[in-house]
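This report walks through one model, chain by chain. Please look over the sequence and the structure before reading on.

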Amino acid sequence: MENFLIYLWIQLKRMGKTFPSILLMTLLLTGSMVLLAHLLLETDASGEEKQKVEIGLVGDLSDSYLGFGIYAIKNMDSSRFAVEFQPMTEKEAIAGLNAGELSAYVSIPDGFMDSIAWGENKQITYVTSSGSVGLGTIIMNELAETISSLLTESQNAIYGMRKFVKENNMQDRLGKATDDMNLRYINFILNRASLYELKIIGVSNQLSMMGYYVCSIILFFLLLWGINGASLLIRKDAALPRLLAARGQGAACQVFGEYLAYLALMLASLFCIAVILEIGMKMTGFQIPEWKGKEGAVLLYFIIRIVPVAAMLSAFQLWLYETVSGMVSGILLQFLCSVCLGYLSGCFYPLYFFPESIEKLAGVLPTGVALKYMDSCLISQTALGKLAVILLYLTFFLLLAVLVRKRKIGKG
Amino acid sequence: MTYCHIIGTKMIEISNIQKKYKKKMVLQDISFTIQEGSCVGILGCNGCGKSTLLSILAGVQRGDEGEFLWQGKNLLQDTKLRAQLVGYVPQGSPLLEELTAWDNLLLWYDRGELKKELSDGVLSMLGIDEFIKTPVRKMSGGMKKRLSIGCSVARQPSVLLLDEASAALDLICKERIYNYLKDFKAHGGCILLTTHDVQELELCDKWYILKEGHLMPYNYDGNVHRLVGIL
């Protein structure tokens, strides 16, 4: 035990000596991660804008009634948040449809308004491309059908009312009654508040997209941070482990001492960065939906909750470095593992973008479990099951590291 | 100046050490003795099993069979006693590059003991006091080797196992290490070394050649050509 404590102390001293340079590297890494986060969140925000369905309006739009209708739909109707109507020529509309810039276009025939006035029913043509089949298209078709029926039936109601007024000699009230009915229709259509409700359920279990990316970027940061450990954990030869073994300090004792010191270095760097980011968040007012209404150092509190993830990843990194003897191969291995695990666990894209098999794989990968645990921590949920899996992985990686060390000591 | 515990018996006995890697017998029935205050040299070409033999005796590796006896006690089984009696200088550098010589030595010495050794002991003889505050990464190869030996001889061992300790060192550094080894012998210590160095061979009192897993006694007479022919 005494030997272990001395070894741990020396390793901590070693980590302490390298801390300033590691912190500098960590700051650089944080800078790039913040940039990545900004890009991801920016893309996501613009993605929401792009969710608006663009519909082209083609044909005779010169009639003042039609102009008023289009103006009302574009500016007053609640559909303006989901649908963007753009007047254009048919040629432009076809080009837009082919380029995927338009979801569909509506072709209004010449003399449409006059035909309505004369009781004819000239059809509005709704044109969409065969490539745009999907839920959106089905809903659009259904909406077009609904509006078409609504217009026809309302027109029928107007004719019915005219007939009724004529038969009952009430012509003097016809104009006012027609206006009242039209206004009621307009009022009914424009004031509808709950034709549909758009509910975004988030990426996983009540987590907002922003919250998801915060978790995934912190996980990817922890993975990449492992590159800092290259100079500390890669050994050219096994002379020190052998000498320690000769003194009676076995592989497990050595690995555990190194692991604790390395973990301390990782946590020290992580907390320094968390303090800086916390101050930055307070200054810029940056917040994610999960932290809204919460007081105090929310990021620091979150980092404390994810210490088990840092502990598991540092064990994983220690094991990886234990398997190599060259600096270049060590850094490459660490980088490739970080990128692959990050990708497969959903650090770059939410998992629902991936095939089911990858989603299943992510569910058992250590980083996948870690990300889910972090998600739970962010929304203040207890995740004892995931924590247990993380601790199992931690133990497993340490055992692997001990086995590799034993093999190194015993070699030649 | 204290170098080692005085060994009560006249010799160390190594008997029937065996080691097999997969199907290859690396060491077969390795048996020999080392007299008190003497040095034994193991010679052999690269990969013949010299380092394996030393690491088994140092307790780093397990042999399949055999004994390393001191006063009737098998040091291969008594870890505590072995750690106290046997000093081992492995190939390579057991040093932590980021730390100074002082910090590296603290891993092996108590603080008080370290100060004593630096002022009037093994470490001062190895000249480590001259670069005690220097970080290892700024040291020359010779300094590193002296420091490695300094780490290995902590707690005054009686038996020193040296695995090519003077490889790739300059003459001045070699001279320093030989002087130390001579002194170690003179104070009753036992040395078992593997080497390719002629000067180190001359330090030995007995020589063995390890070939195809077998240990054969050899009488070194300074004729290197004859030795090369046998190896």
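What is the mean pLDDT of chain B, and what percentage of its residues reach 70 or more?

## Confidence

This is a predicted model. For chain B the mean pLDDT is 84, and 94% of the residues of chain B reach 70 or more. Where pLDDT is low, the predicted coordinates should not be read in detail.

For the complex, the predictor gives an ipTM of 0.81 and a pTM of 0.71.

## Chain A overall

Chain A contains 16 helices and four strands. Of its 412 residues, 29% are buried. Among contacts in chain A between residues at least 6 apart in sequence, 77% join residues at least 24 apart.

An unreviewed UniProt entry places the feature "transmembrane region" at six stretches of chain A: residues 21-41, 210-234, 255-277, 297-319, 331-352 and 383-404. In the model, residues 255-277 of chain A are 100% helix and 0% strand, with end C-alpha atoms 32 Å apart. Residues 383-404 of chain A are 95% helix and 0% strand, and the end C-alpha atoms of that span also lie 32 Å apart.

Helix 7 of chain A covers residues 209-225. Its 17 residues should span 24 Å at 1.5 Å a residue, and the end C-alpha atoms are 24 Å apart, which agrees. Helix 7 of chain A is mostly covered, with 15 of its 17 residues buried.

Helix 16 of chain A has 27 residues, 384-410. From first C-alpha to last, helix 16 of chain A reaches 39 Å, close to the 39 Å expected at 1.5 Å a residue. The buried residues of helix 16 include A:K386, A:I390, A:Y393, A:L394, A:F397 and A:L398. Further along, A:A401, A:V402, A:R405 and A:I409 are buried as well. An α-helix has 3.6 residues a turn, so residues three or four places apart point the same way. Which helices do the buried residues of helix 16 of chain A pack against? They pack against helix 9 (239-246), helix 10 (251-284), helix 12 (307-322) and helix 15 (366-378) of chain A.

## Strands of chain B

In chain B, strand 1 (residues 11-21) and strand 2 (residues 24-35) run antiparallel and are joined by eight bridges. One of the residues involved is B:I14, whose bridge partner in strand 2 is B:F32. The hairpin of these two strands has two residues between the strands, and B:K22 takes a positive phi near 55° there.

Strand 1 of chain B also pairs with strand 4 (residues 65-70) of chain B, in the antiparallel sense, over four bridges. Here B:E13 has B:L69 of strand 4 as its bridge partner.

## Where the chains meet

How many residues of chain B are in contact with chain A? There are 24, and they touch 20 residues of chain A. On the chain B side, the elements that give two or more residues are helix 1 (50-58), helix 2 (79-85), helix 3 (101-106) and helix 6 (141-152). Helix 1 of chain B provides the largest share, four residues. By class, the side of chain B that touches chain A has 11 nonpolar, 10 polar and three charged residues.

Technical notes. Residues numbered from 1 in each chain as written. Chains lettered and ligands numbered in written order. Predicted model: local features only at pLDDT ≥ 70, side-chain atom pairs only at ≥ 80, totals over all residues. Contact = placed C-beta atoms within 7 Å. Nonpolar A, V, L, I, M, F, W, Y, C, P; charged D, E, K, R; others polar. pLDDT = per-residue confidence, 0-100. Pairing = 2+ DSSP bridges. Expected span 1.5 Å × (residues − 1). Buried ≥ 20, exposed ≤ 12 C-beta atoms within 10 Å, placed from the backbone. UniProt positions renumbered as here; feature names shortened; annotations may be inferred.
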